[in-house]
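Visitor: I would like a close look at the aromatic rings and their surroundings. Please take it slowly, as I am new to this.

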Amino acid sequence: MIDLNTPITDEDINNLKVGDVITISGQILTARDQAHKRIVDEGSPTNLKGSVIFHAGPIIQETKDSNETNYKMIAIGPTTSMRMNPYEADILDIGAKIIIGKGGMDDSVRDALVKNNAIYVVATGGCAALYVDKVNQINDVNWLDLGMPEAIWDLDVSSFGPLIVAMDSKGNSLYD
């Protein structure tokens, strides 16, 4: 198991290969279809350099304390990544280094991973309760107008995983 800390650097990525198992500590951002599209169209509300993007639509509970809105993560699991194919190369060009999702991605993403020295890792579907235990806190939320699952959730995580490198920065893929 290889433990990585955010922000992710080129040195973190250089020796990773298809089949490696990693965990991530630090910041992870969730983003699905609509968030990807808005990032491409309008720019990101947060710095994506060295970032980890998780294709997930978390289940969040909203609470009120002293007139302040707080959020509690109930479950978080991967969503099908191929829906993000039209946007992912642009997201990688902006600076994302690790994409977390489920299933494969297309050759445009493979090419962008090589170009940007980045990787695509898969999270195991059905493990939403396991992954939620790795979330320390919700730091922030952007674009809540898209709805809770589509918003960008900024998460602080510890040893988030296990995650399997499915597409590496050399153009190799588990899906070949």
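Guide: We begin with the ring pairs and then follow their neighbours. This is a predicted model, in which local features need pLDDT of at least 70 and side-chain atom pairs count only at pLDDT 80 or more, while totals for chains, interfaces and linings use all residues. Residues are numbered from 1 along each chain as its sequence is written, and side-chain values use heavy atoms, with hydrogens and water left out.

Searching the whole structure turns up three aromatic pairs. Rings of Phe, Tyr and Trp (its six-membered ring) pair if their centres lie within 6.5 Å; planes under 30 degrees apart are stacked, over 60 edge-to-face, and the rest tilted. One of the pairs joins tyrosine 71 to tryptophan 153, edge-to-face, with 5.1 Å centre to centre and 75° between the planes. It links distant parts of the chain, 82 residues apart: tyrosine 71 is in strand β5 (residues 68-75) and tryptophan 153 in strand β9 (residues 152-167). Helices (H or I, at least four residues) and strands (E, at least two) are DSSP runs, numbered from the N terminus.

How exposed are these two residues? Tyrosine 71 has 25% relative accessibility, so it counts as partly exposed, whereas tryptophan 153 is buried because its relative accessible area is 0%. Here buried means under 20% relative accessible area, exposed over 50%, and partly exposed in between (1.4 Å probe, protein chains only).

Now look at tyrosine 131 and phenylalanine 160: their ring centres are 5.1 Å apart and their planes are at 25°, so this pair is stacked. Again distant parts of the chain are linked, with tyrosine 131 in helix α5 (residues 128-132) and phenylalanine 160 in strand β9, 29 residues apart. Tyrosine 131 and phenylalanine 160 are both buried. Ring pairs also bring in Phe54, giving a cluster of Phe54, Tyr131 and Phe160.

Threonine 30 counts as buried because its relative accessibility is 0%. Among the residues it touches are Phe54 and Trp153, along with Ala151 and Leu155, not counting residues up to four places away in sequence; contact means heavy atoms within 4.5 Å. The side chain of threonine 30 also reaches the backbone oxygen of alanine 151 at 3.5 Å.

Isoleucine 22 is in strand β2 too, and it is buried, with a relative accessible area of 0%. Leaving out residues up to four places away in sequence, its contacts include Phe160, Ile98, Ile119 and Val121.

Ile119 and Val121 lead us to strand β7 (residues 119-122), where they point one way while Tyr120 and Val122 point the other way, and all are buried. In a regular strand, side chains alternate between the two faces of the sheet. Strand β7 runs parallel to β6, and four bridges join them; strands pair if DSSP finds at least two bridges between them. Along this pairing, glycine 101 stands opposite valine 122 in β7.

Conventions:
Polar contact = N/O pair within 3.5 Å; in protein donor to acceptor, adjacent residues only side chain to side chain.
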